[in-house]
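This report looks at charge pairs and surface patches. The sequence and structure come first.

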Amino acid sequence: MTAVTPAPLSTAAAPASASAGAAPPSRSGGRSRLRTLAGFAFGAALLFAVAPLLLSDFRLALLAKYLCVAMVAVGIGIAWGRGGMLTLGQGVFFGLGGYAMAMHLKLADAGPGGMPDFMQLYGQLDELPLWWRPFASPWFALPATVLLPMAVAFGLGSLVFRRRVRGAYFAILSQALAAAMVILLIGQQGTTGGTNGLTDIKGFFGYDLDDPVNQRMVYFIIAGVLLALLALTRQLIQSRYGELLVAVRDGEERVRFLGYDPASVKLVAYVVAAGMAGLAGALFVPAVGIISPALIGIVPSIEFVIGVAVGGRATLLGPVLGAVAVAWARTALSERFPGTWTYLQGLLFVVVVAFLPGGLASLWALARRRDVGAQPARRGWLPLGRRRAERTEVPAA
């Protein structure tokens with residue numbers, strides 16, 4: 001008995017007319033682009049028109065904070081949802097970007113040759129530390145908010161991924177990095193503000209942050225950056241690299257046998273996610289006016305991941321919607337139930353993970369699948385499950 005070798009997928013699936021001439025152009029790509037443009041237009045209208053019109057200045061400032069968290073979630077969606085890397089230390093990169101921006105703004109508030117107010121309060125320094133001085137220039141501070149987290153991620157990822165550390169070990173290592181950074185910041189009270197962090201930030205490149213008009217300007221900047229990151233992420237996940245990243249997640253050894261380096265593929269995703277987290281931290285500072293170790297430690301890092309899991313890590317909009325929903329729920333529950341809101345937040349996470357492993361974004365896919373299963377199949381009026389079973393039958397040799 002000889003085995004029958006199946007025909008290649010491209011040959012077997014090609015229609016008979018394709019061999020005689022060019023295949024007719026497909027409309028699915030055009031429809032997908034139209035749906036994408038319509039989605040971005042709807043999101044822009046919601047963020048730039050509806051939200052400022054309906055929300056008060058206080059609620060709009062809270063939404064700006066939520067959108068910064070959503071930026072971190074977009075990066076986690078790339079690293080975890082597409083690459084399978086459970087990153088529990090994104091607070092490190094969020095903090096690096098936030099502290100870089102806060103240091104520049106504190107020096108700008110102090111004026112030329114001045115020192116931040118907390119250094120004068122503690123009385124431990126007579127002059128500005130050397131490593132603070134480059135942040136007085138916006139040409140150094142602004143790129144540092146993104147490049148510094150990416151450089152740290154590149155150094156850590158190069159060591160970790162080359163040694164094939166993955167799974168729970170990678171998650172624990174990233175979490176330990178967040179704990180170490182918090183300890184470092186708290187121990188350097190005279191130069192980092194200690195447990196208080198960098199507070200009372202008043203200006204943002206010449207604009208007074210106490211002015212509601214300027215606060216709205218900061219919100220619009222954050223909303224525009226989030227949409228730009230979503231567009232960039234969509235192009236990334238639909239590129240050849242995006243397909244390769246998913247292949248590494250599903251079968252790392254197979255990808256290695258094909259001649260690719262899985263460590264390099266995962267390293268790119270990890271560095272990109274770190275850059276997004278750093279940018280989010282930099283924009284978080286003018287939106288809230290503070291950055292402290294309490295905002296970048298282990299607990300915030302886990303909350304970032306919870307938002308992505310609730311929204312759906314394998315989709316584009318799922319991490320954004322989940323991060324905003326979890327942050328909004330935390331605020332709403334803490335206002336109404338000050339003593340028990342943490343339990344309610346944990347219950348929300350457990351319910352979503354238990355009954356919707358794909359997150360809230362999977363509700364639409366489940367509804368469509370249920371509709372398709374309820375209708376008879378077009379070809380031969382066979383149920384969908386039976387039709388799939390017949391496709392997978394192996395012909396007798």
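The sections below cover salt bridges and then surface patches in this predicted model.

## Salt bridges

Eleven salt bridges are present in the structure. One of them joins the side chains of R162 and D261, with an N to O distance of 2.5 Å. R162 belongs to helix α7 (residues 138–162) and D261 to the loop between α12 (252–257) and α13 (262–288), so this pair ties together parts that are 99 residues apart in sequence. R162 is partly exposed at 48% relative accessible area, and D261 is partly exposed at 33%.

R330 and E303 also meet through their side chains in a salt bridge, at 3.7 Å from N to O. Here helix α15 (residues 318–336), which holds R330, is tied to helix α14 (residues 298–311), which holds E303; the parts are 27 residues apart in sequence. E303 is partly exposed, with 26% relative accessibility.

In the salt bridge between R249 and D250, the closest N and O atoms are 2.9 Å apart. R249 is partly exposed at 33% relative accessibility, whereas D250 is exposed at 58%.

A network of salt bridges links R166, E252, E253, R256 and K266.

## Surface patches

A patch of negative charge on the surface gathers D109, D200, D208, D210 and D211. D200 sits in the loop between α9 (189–192) and β1 (203–204) and is partly exposed, at 43% relative accessible area.

F42, L46, V50, L53, L54 and L55 make a nonpolar surface patch of about 620 Å². Within this group, L46 is located in helix α3 (residues 28–54) and is partly exposed, with a relative accessible area of 40%.

How values were computed: Residues are numbered from 1 along each chain as its sequence is written. This is a predicted model: local features need pLDDT of at least 70, side-chain atom pairs count only at pLDDT 80 or more; totals for chains, interfaces and linings use all residues. Side-chain values use heavy atoms; hydrogens and water are left out. Patches are made of residues with over 30% relative accessible area and no salt bridge: like charges are joined within 9 Å, nonpolar side chains (Val, Leu, Ile, Met, Phe, Trp, Tyr) within 5 Å. Accessible areas come from the Shrake-Rupley method with a 1.4 Å probe; for residues, only the protein chains shown count as cover. A salt bridge is a side-chain nitrogen of Lys or Arg within 4 Å of a carboxyl oxygen of Asp or Glu. Lys and Arg count as positive and Asp and Glu as negative; His and the chain ends are not counted. The place of a charge is taken as NZ of Lys, CZ of Arg, CG of Asp or CD of Glu. Helices (H or I, at least four residues) and strands (E, at least two) are DSSP runs, numbered from the N terminus. Buried means under 20% relative accessible area, exposed over 50%, partly exposed in between (1.4 Å probe, protein chains only).
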